[in-house]
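Reader: Could you show me how to read helix packing and pockets in a protein model?
Author: Gladly, let's look at one together.

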Amino acid sequence: MTTFQVPQRMNFSAVAPKVFKAILALDAAAREGLDPVLVELVQIRASQVNRCAYCIDYHTSDARKAGEDEQRIYQLSAWEESSLYTEKERAALELTEAVTLLPEGVPDEVYERAAEHFAEQELAQLIALVLTVNAWNRMNVTTRKTPGTV
């Protein structure tokens, strides 16, 4: 099989190390108190929406390391049609899509559904996680970070 190599535009971490380190710190802070599997599901889904090949590759690998089931990873792009996710995970994924896309803001019903499943501190962490993965996605899509590279 012949594959197409998408050329990387920039090594962002080398060119802007202070910004890169700040995003790493934000990422670490956002994860605090959240279930590691949920963290990876949210990061994969935002990365799918944003079409970030690097982040999809990175977070599916991390999801497997965290013990996530292959079927749940495969069905994540169609989570609304799948019966493999809990109500709490579904609320997190719905909020992830709303925050990632922001077509008309985050609808009250989406926020309220998430608030039913997450305590206020945990919900704040989830929101921070989604905004952080969106920052990674935008950085990596813009610079065309190549999947499988560090």
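This is a predicted model: local features need pLDDT of at least 70, side-chain atom pairs count only at pLDDT 80 or more; totals for chains, interfaces and linings use all residues.

Reader: Which residues of α3 and α4 meet?
Author: From α3 come Glu40, Gln43, Ile44, Ser47 and Gln48, and from α4 come Cys55, Ile56, His59, Thr60, Asp62 and Ala63. By class, this contact has 4 nonpolar, 5 polar and 2 charged residues.

Reader: And how is empty space found?
Author: Rolling a probe the size of a water molecule over the atoms shows where empty space is left. In this model the largest pocket holds about 370 Å³ of space. Its lining has 20 residues, and Phe20, Leu24, Tyr54, Tyr58 and Trp136 lie nearest the centre. At least two lining residues come from each of α1 (12–15), α2 (17–31), α4 and α8 (120–143). The lining divides into 10 nonpolar, 7 polar and 3 charged residues.

Reader: What is the volume of the second largest pocket, and what lines it?
Author: Its volume is about 190 Å³. Among the residues lining the second largest pocket are Val6, Asn50, Tyr54, Asn140 and Pro147. The elements giving two or more residues to this lining are α4 and α8. By class, the lining of the second largest pocket has 6 nonpolar, 3 polar and 3 charged residues.

Technical notes:
Residues are numbered from 1 along each chain as its sequence is written. Side-chain values use heavy atoms; hydrogens and water are left out. Contact means heavy atoms within 4.5 Å. Helices (H or I, at least four residues) and strands (E, at least two) are DSSP runs, numbered from the N terminus. Ala, Val, Leu, Ile, Met, Phe, Trp, Tyr, Cys and Pro count as nonpolar, Asp, Glu, Lys and Arg as charged, and the others, Gly among them, as polar. On a 1 Å grid over the protein atoms alone, a cavity is a set of points where a 1.4 Å probe fits but cannot get out, and a pocket is an open set with protein on both sides within 12 Å along at least five of seven lines; lining residues have an atom within 4 Å of a point. Grid points are joined across faces, edges and corners, and a volume is the space filled by probe spheres set on the points.
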